[in-house]
Structures are given as structure tokens and as C-alpha cells.
Amino acid sequence: MDLDVFVSAHRAEWDRLEALLRRQRRLNGAEADELVTLYQRTATHLSLIQSSAPDPQLTGRLSQLVARARSAVTGTRRASWRDVTRFLTYGFPAAVYKSRHWWVPTALLSTAVAALLGWWIGTHPEVQASIAAPSELRELTRPGGQYETYYSSHPAASFAAQVWTNNAWAAALCLILGVFLGLPVIWILFQNMLNLGIGFGLMSSAGRLDTFLGLVLPHGLLELTAVFVAAGTGLRLGWTLIDPGPRTRRTALAEEGRAAIGMAIGLALVLFVSGAIEGFVTPSGLPTWARITIGVAAELAFFAYVYVLGGRAARAGDTGDVEAAERSATVPTAA
């Protein structure tokens, strides 16, 4: 495409669109129709230039023009409680459901790695000795030791807030760093599984595995599930960069990235629940069976939320992306 010829042929349309956007008074019917038509044409021109003869200065001008025109055509929209309700009942569970082929295998493989690390540490005294001195290990694992007192070392409310902040940040990192081919996500996930495996191995070697599971399971089921969802979604985002499928790489990353941002918000709410359980239920005086029952109930509720509400929304076509009206304008191009 000859860019100079293209600009000469369409400059008048762009100038006219800009003039309409600068109007101080309200547009009449004919002018509004003209604005819509010029907006659609300019969006097509922008797409053609970006794909055939990218010019930074011209692309910048037309991008700004299209954005202003789109705002004028669609109007300013404010978020409402309806948007929040829709996100929680359709968008977020649908996004989690659609990414299940990534996070479920991630959860199974990660759990297997943690169990293997725990077995290796628990059955090899030399490995335990490399972690800490024998006296320190005894202090960690004895009745009333650091593993048990950790959950009651701070006031419940502040401890829950700290746990929530740390876990939400870890989940957000998995989602954000997934774009780097998923490699940072694997490292973050391994660090989490290593910490879990160390606790599992040390407590099992001390004959106190039941105590360890009684402390971890109430909050850990939901907490780890949220981390696995974040990690699986991050890996999916990284794979999109490698294989975008029938979409262009730019479109695929935009769609998956917007869904990932929404999932970060949703997972923060899930981790808030697990943090509350860790702060108020795990160190409570409830019997072990009662604490574990609460954790299992929270986990089952999350799975029902994802597979019932999310499955229904996904089958209805919801992907977790923003609504079509809120996406960047894209118009089919023709040669």
C-alpha cells in the first residue's frame, strides 16, 4: 500500500471527523450519522495502516481520533453494582471454568511435587540437617513449637490481613508474569510447593503429620486452589504468546490479559475467605475435625461456584472478558 496516496485519499474524512468531535454544540441527526460513519471508516483505515504500512505518527493520530470518536458514539459509562454482580456471577466463574484445563493439571502436578519433596525430606535425615540444626528442628516440630504457634502468633484480624495480602500478591504475580512465557510462574509455584513439602517432611519425620494436616487443611485447601488457578491462568497466558491460535497474537493477548486481570480481582476475594479461615479458624480451639470440615466446605463451595455458575456462564458464551461494548473497536479489513 502506498501510504502517501492512502493519506491523500482519506485525509479529508479524518479532518471532517475531527471537526465533528470539536463541535461545542449538540450534533443534529445528520451530523450524528455522519460521525458514526466516519468513525467506522477511520477505524478501518487505522487497522489497514497498522497491518500494511505502519507509521508511528499517523497511527498515533488515528488511534487518538478513533478513541475520541468511540467515546462520543458510545458515551461515558460508569461502573455500577450491576457490573459487580455480573462479574461475580458470570464473568469470574466463567473465566475460572474455561481455564480449568490449565489449572487442574497444575494443581495435580504441584501437589505431587509437594508430596514427593515432603517424602524425600522426611525420610532423609541428611536433608533435614541441611535445612536447620537438630535443636532448631525440634523447636519447630515439638508440641507447642513454632509450627503450631505460628497461626496464633499475632491477633487474628491482623494475621488474616497479612496472609491475605501476601497470597493475593503471589496470585497476582502468577497472572502478571505469565506473559513471560510462564517461566516465572513455574518458579513461584515451585517455591510454594517447596515450603509446603518442607513442613510436610519435617512434621512427618517427628511423627506429627496429623497435627500438620490439621493446621494446614482448614485454610490450605482453598488457598492453594486459588494459587493453582492463578498459576494455571498465568501459564495459559504464556502459552497464548507462543500459540495464539486463529487469533492474531495481539488480539489473543488482549483477550486473555483482560480475563486474567478480572481473575486477579476475583481470586483476591477467594483468598480473603481463605485468609479469614487461616486467621480465625485454624488457630481456634475448635476440634481438628471441625476445622477441617470448615475448610472442606469452603473448598466444595468454590468448586460448586466454578462448575455450576461458571459452567453455565461459559456455555452461554461468557469468557470472562469485558463486554463487547467495552472492548477496543475492531472493524473487519478488506484489501
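Helices, as the term is used here, are DSSP runs of at least four residues, and by that assignment residues 221–239 are 100% helix and 0% strand, with end C-alpha atoms 27 Å apart. The model is predicted.

**Annotated segments**
- An unreviewed UniProt entry lists "transmembrane region" for residues 102–121, 168–189, 221–239, 259–277 and 289–308.
- One of these segments, residues 259–277, is 100% helix and 0% strand in the model, and its end C-alpha atoms lie 27 Å apart.

**Nonpolar cores**
- The largest nonpolar core comprises 33 residues, within which Val96 and Leu267 have the most contacts.
- Two or more residues of this core come from each of helices H4 (81–98), H5 (100–122), H9 (156–177), H10 (183–205), H11 (209–242), H12 (249–281) and H13 (288–315), and H11 supplies the largest share, 8 residues.
- Once residues up to four places away in sequence are set aside, valine 96 touches Trp103, Val229, Met263, Phe302 and Val306.
- A second, separate core has 18 residues, among them Trp14, Tyr39, Leu58 and Ala69.

**Glutamate 13**
- Glutamate 13 lies in helix H1, which spans residues 3–21, and it counts as buried because its relative accessibility is 19%, where the cut-off for burial is under 20%.
- The side chains of glutamate 13 and arginine 41 are joined by a polar contact of 2.9 Å.
- Beyond its neighbours within four places in sequence, glutamate 13 is in contact with Leu38, Arg41 and His45.

Technical notes:
Residues numbered from 1 in each chain as written. Predicted model: local features only at pLDDT ≥ 70, side-chain atom pairs only at ≥ 80, totals over all residues. Heavy atoms only, no water. UniProt positions renumbered as here; feature names shortened; annotations may be inferred. Buried < 20%, exposed > 50% of the residue type's maximum accessible area, 1.4 Å probe, protein only. Polar contact = N/O pair within 3.5 Å; in protein donor to acceptor, adjacent residues only side chain to side chain. Contact = heavy atoms within 4.5 Å. Core = buried A, V, L, I, M, F, W, Y, C linked by side-chain atoms within 4.5 Å.
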